[in-house]
Amino acid sequence: MKLSVVFSVVMVGVMTSSLLPTCEAQGWEAVAAAVAEKIAGLWVDDQMVFLGHTCQYSVNPKIKRFELYFKGRMWCPGWTTIRGEAETRSRSGVVTKTTQDFVRKAFQSGIVTEEQARVWLNSK
């Protein structure tokens, strides 16, 4: 989906630039590039180390009732099948909420103890 959105923005810019005078077309191309970069930055795929395990997380934007939301997912391949998930309006807050959901599920399943979590939190 990310590439299709970026491609659409760039295509609109290219098609519109042929209709504008040269100096305005150059300005429009710069604006289209900046918009495309901003849109592409809404997606995040990264990793973190949690209790000695490499975990992956992703953040994806979505439109819900004409508002921008962010869906977060966290998983730790090779350690557990638990997946943390959250959805918020905050791009930065969704990673925190997703991690909290993962830790809550890990506590419930018994793979993480309260003492392990405390030690990990104090080391950060």
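1. The model under discussion is predicted. In it, strand β2 (residues 53-64) and strand β3 (residues 67-75) run antiparallel and are joined by 9 bridges. One of the pairings places Gln56 with Trp75 of β3 as its bridge partner.

2. A hairpin is formed by β2 and β3, with 2 residues between the strands. Arg65 lies in the turn and has a positive phi of about 55°.

3. Asp46 has Tyr57 in β2 as its bridge partner.

4. Taken together, the 4 strands make an open sheet in the order β1-β2-β3-β4, with antiparallel pairing. Its edge strands are β1 (44-50) and β4, each of which pairs on one side only. On average, neighbouring strands are turned by 20° against each other, direction ignored.

5. Helix α3 packs on this sheet and touches β1, β2, β3 and β4. The direction of α3 makes about 145° with that of β4.

6. Thr99 belongs to helix α3 (residues 93-109). Is this residue buried or exposed? Thr99 has a relative accessibility of 16% and therefore counts as buried, the cut-off being under 20%.

7. Leaving aside residues up to four places away in sequence, Thr99 touches Met48 and Met74. The Thr99 side chain also reaches the backbone oxygen of Val95, at 2.8 Å.

Conventions:
Residues numbered from 1 in each chain as written. Predicted model: local features only at pLDDT ≥ 70, side-chain atom pairs only at ≥ 80, totals over all residues. Heavy atoms only, no water. Buried < 20%, exposed > 50% of the residue type's maximum accessible area, 1.4 Å probe, protein only. Polar contact = N/O pair within 3.5 Å; in protein donor to acceptor, adjacent residues only side chain to side chain. Contact = heavy atoms within 4.5 Å. Pairing = 2+ DSSP bridges. Axes fitted to C-alpha atoms, helices over the stretch in contact; angles between N-to-C directions.
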